[in-house]
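Reader: Please go through the assignments in this model and state the criterion behind each one.

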Amino acid sequence: MADPAAVEPSVRVGTDPIDVAAETDALTAGRTDVGAVVAFTGLCRDEAGRLAVLELEHYPGMAEAEIGRIAAQAAARWPLLGLRVVHRSGPIRPGEVIVLVAAASAHRAAAFEAASFLMDFLKTRAPFWKKEHLADGSEGSWVEARDADDAAAEKWAHLRTEG
């Protein structure tokens, strides 16, 4: 297991577009001990041309705190040298970045696993609500949670990670 005090995760939720390159550069700036950075970038899909805008709502403070708890679990579980989670809220158009998870470590396995862990738990535990606004001008529905996301998060309870 990694030392939970070894890395202080950076967590941010906001309406500004996410600059993936700048966030990754900030994670590694001045570091020569980082051997791997795994970045997951989630994009808004157009749902086969049906979706005009996906609106993400959250409770400010609560969302950041929950993401921070999930990120702290990842930092405690893997030997990370840096961890950054940036999540959008508000209206997001197809093609725009919704979320960035970037994990830095001396070796790739820890970075891959931590990023995957974070995404699996962000999909199931972070308090965001998604509403569709359709290309035909009508208002769509609230997006329901998926069983596949719950199953992906559940797998981590059964896996032991080597540090």
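**Criteria and values**

Author: Strand β4 (residues 80-88) and strand β6 (residues 97-105) run antiparallel and are joined by 7 bridges. The model is predicted: local features need pLDDT of at least 70, side-chain atom pairs count only at pLDDT 80 or more, and totals for chains, interfaces and linings use all residues. Residues are numbered from 1 along each chain as its sequence is written, and side-chain values use heavy atoms, with hydrogens and water left out.

Reader: What makes β4 and β6 paired strands?

Author: Two strands pair if DSSP finds at least two bridges between them. Strands are DSSP runs of E of at least two residues, and helices are runs of H or I of at least four, both numbered from the N terminus. With 7 bridges, β4 and β6 meet the pairing criterion. Within this pair, V85 stands opposite V101 in β6.

Reader: Which strands stand at the edges of the sheet, and why?

Author: The open sheet has 4 strands in the order β1-β4-β6-β2, with mixed pairing. β1 (10-14) and β2 (36-43) each have a single partner strand, so one side of each lacks a neighbour in the sheet and both are edge strands.

Reader: How do you know that helix α3 packs on the sheet?

Author: Contact means heavy atoms within 4.5 Å. Helix α3 (residues 108-125) touches β2, β4 and β6. Its direction makes about 150 degrees with that of β6, where axes are lines fitted to C-alpha atoms, for helices over the stretch in contact, and angles run from 0 to 180 degrees between N-to-C directions.

Reader: Why are the buried residues of α1 placed on the same side of the helix?

Author: In helix α1 (residues 20-28), E23, T24 and L27 are buried, that is, under 20% relative accessible area with a 1.4 Å probe, protein chains only. They cover an arc of only 95 degrees around the axis, which puts them on the same side of α1. The arc is that of the directions from the helix axis to the C-beta atoms. What covers these residues includes β1, β2, β4 and β6.

Reader: What makes β3 and β5 a pair?

Author: β3 and strand β5 (residues 90-92) pair in the antiparallel sense over 3 bridges, and at least two are required. L54 stands opposite I92 in β5.

Reader: Where is confidence lowest and where is it highest?

Author: pLDDT is the predictor's confidence in each residue, from 0 to 100. In the chain, helix α4 (residues 147-158) is lowest, at a mean of 73, and β6 is highest, at 98. The chain averages 90, and 91% of the residues score at least 70.

Key
Buried means under 20% relative accessible area, exposed over 50%, partly exposed in between (1.4 Å probe, protein chains only).
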